[in-house]
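Work through these exercises on charged side chains with the coordinates open. Each task is followed by a stepwise solution.

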Amino acid sequence: MIVYEFDIQEETMKYNPADIETKWQKIWEDKKLFKVEKDESKEKFYCLEMFPYPSGKIHMGHVRNYAIGDVISRYKFMQGLNVLHPMGWDAFGLPAENAAIENSTHPAVWTKSNISYMKEQLKQLGLSYDWDRDIATCDPEYYRWEQLIFIKMFEKGLIYKKKSHLNWCDDCNTVLANEQVEEGACWRCGQDVAIKELDGWYLKITEYADELLEYANDKLPGWPNKVLTMQKNWIGKSYGAEINFQIKDTDEKINVFTTRPDTLFGATFMSVAPEHPIVKTLLAGTDKEAEGTAFVDSILKEDKINRMDDDKEKRGFFTGKYVTNPVTGNDMPIYIANFVLMDYGTGAVMAVPAHDQRDFEFAKKYGCDLKIVIQPKEELSLETMVEAYTGAGTLVNSGQFDGTDNDSAKKSIVEFLDNEGLGKSTINYRLRDWQISRQRYWGSPIPFINCDKCGSVPVPEAELPVKLPDVDFNPDMRGNPLDKVESFKNTTCPKCGGAATRETDTMDTFMESSWYFMRYTSPHCDTAPFDKDKANYWMNVDQYIGGIEHAILHLLYSRFYTKVLRDLGYIDIDEPFNRLLTQGMVCKETYKCPEHGWLYPEESVDGKCSKCNSDVAVGRVEKMSKSKRNVVDPNKLIQKYGADTARLFILFASPPERELEWSDSGVEGSFRFLNRVWRLIQNNIELFNSELPAPVEDELSKELLFHTNVAVKKVTEDIDRYQLNTAVAAMMEFVNNLYAIEAKMGDEHKALFRDSILSLMKLIAPFTPHAAEELFEMAGFEGLISRSSWPEFDEKHTQKDEITIAVQVNGKLRGQIEIARDLDKETIFEIALANENVVKHTEGKDIFKKIYVPNKLINFVVK
């Protein structure tokens, strides 16, 4: 061991993060400490946090996400694993384009400037990233391969183009996927979403619905149940029947999907979605066309989710046309209804008002017939029904199926329909194909050319990437800039050589984030999206970390994309992520002035607005948001307390999966704890530069061994379980115990004490790496603590020889006794019965039962 020459001065003992953090960040960077390569001789571990959108500054939500991943990665490094821990940038997207328009700059300039700034912020946190693998999805070197994958998917029949009614955001001037509409509003800007009919490109995610569901059911044990449930519900597999209803006096039919074929005899009218293609046919050339078209337009302006709300007013329009009930022969009027969507089933519903509440409410409003076809034990009557009956019962008014229980009747009626050519059993999914066309500039160009003669033709692979052209951005811009760049738009067809136009829509940015984790495995590969051997070595991601808000969008798309890349021969895995941790949001209280709106905390002084002296409403604790001005700037926190304190607080304040409420006092508490660690080790630094006597086996030595091994065991197990807050708590308790032992130890205990504070240094290393490195160097060790081995514990030293047993009488605590561990039961009973307080509650009474839980408690049952 090289001895560190060290003079204990007051000024050197002071913990000064500003000095040590930049020092160790430079050493790590110069040594490329976290750069890794494929190594078959080592067990690999791939840890990944969801990469950020380069918005300009990282916030405390980012810090929490990345700090969690960094602890796990550093811990695995110290365990000797080959750890891949990369970082990059989800760099395309509408905010960059809007900022470019507003500031008359180019989105590439805005984005790359933000990336540069945010990268420095991340480095200031001391995160263990392999920066040689840094990627930005806006680079042509990245989206070139995305375009190639798009073409390969098209050739495999997994991509198609069609015209349909799509979610449209006027503010963002672009199409949104269903998953990007949250409570009727754009997930990005919050503007109400409208419906617009447009051409669009679709990915056949529905082709993989069963496999996505199968794995979500029982093949992703490392995923939170909440996320899996959300995905299963979104896929929405349901069993039922597809039934054909003939439109009266025409050759056309309307197909309906229902999970309740047992109620078919009770269907009295039909409801179709305003978006249904049949609507135009039903209205065309009739006296209802103008009024019906106006009704459709009014419904399409409404939020889809709200349209399905049970409390939403049911609105309908009678088309003047009828279908025939295939089993009763009765005419059923056809209504356009606001609560029917094209996104589920066929976009048409056979209405059974006696047995479906929405249909019941609609029928009552519009005077439609009701017919009871399922009778429970307490007989129903149309005259007394105040709501639909949706429970089980026996079929009535259902022809040859009368008397059958409704559950059995489902199968019987479907068999009848199948035999008669009127319908068939089928499976339906809520999941719809993924629409990826976006009418904006800042995204990957779709690599297709539109030719009047040849149709949609893929760009030849040799001409990839199709690069974005230069565009002058200004505040007056509207619509898709690419559609106005003639030099980009006008081209020749690669198939026939004739005049053609290039596709001017760009891809949804979720395309980039659906495979970036594979590109990290070989980010500089220039012959394929990624090197297959390297991807098969590093994948799957062993630990993925990100917000619960991505449960359906990004996570479902990534699973789908992985399966597609497998089927295209790019990789040999079925799923991308072995374990998923969804960290909670970082929240802080808000302040609002009636005149000036949201305030920064410092603008509220003694409950008054500093601008106008109005009373300030201290709002509820909410997710940190720039718009609500309740954000905490990580830079200011680092300047005041250091990165290690910021990391420690964000990890200690709450379990990773729960919301974290910001606390300034909590930050100060974390800083004080680091100072206590620093002083404890500094005060004993000479132990690493001294010849120490051999340790003795006395009670204090046993106590020291116990506390050290318990701490190592607890921290190790907590990191493995990702309960990082309790790991920090265990270290705090360990430090308290070490201070207590330091105060009473002699020279004969110092060798063990030295080993204990070395263990402490290693335990804090993943959490507060800068302080740990500095202390490790001061102790005279060669190398870096980040590359030292993780401490081990001895199970026998995690249990005390003497234990405390609770003694109960009739289930109530009456005393405690100190005994030797694993003492025989009868002796323990004798000791317990001699306890003064136990004697008071057992004397003169019959003890008819003695219960002993080994090494925990005794209970005497007396009467």
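A salt bridge here is a side-chain nitrogen of Lys or Arg within 4 Å of a carboxyl oxygen of Asp or Glu. The model is predicted.

**Exercise 1.** State which residues are linked in a network of salt bridges, then examine the pair D567 and R566.

*Solution.* 
1. The network links E211, R559, K563, R566, D567, D574 and E575.
2. Take R566 and D567. Their closest N and O atoms are 2.9 Å apart, which is within the 4 Å cut-off.
3. Now check burial. The limit for buried is under 20% relative accessible area. R566 has 19%, so R566 is buried.
4. D567 has 33% relative accessibility and counts as partly exposed.

**Exercise 2.** Determine which parts the salt bridge between D210 and K237 ties together.

*Solution.* 
1. Check the contact. The closest N and O atoms of D210 and K237 are 3.0 Å apart.
2. Place each partner. D210 lies in helix α7, residues 209–218. K237 lies in strand β8, residues 237–247.
3. The pair therefore ties together parts that are 27 residues apart in sequence.
4. D210 is partly exposed at 40%. K237 is also partly exposed, at 28%.

**Exercise 3.** How many salt bridges does the structure hold?

*Solution.* The count is 43.

How values were computed. Residues numbered from 1 in each chain as written. Predicted model: local features only at pLDDT ≥ 70, side-chain atom pairs only at ≥ 80, totals over all residues. Heavy atoms only, no water. Helix = DSSP H or I, 4+ residues; strand = E, 2+ residues; numbered from the N terminus. Buried < 20%, exposed > 50% of the residue type's maximum accessible area, 1.4 Å probe, protein only.
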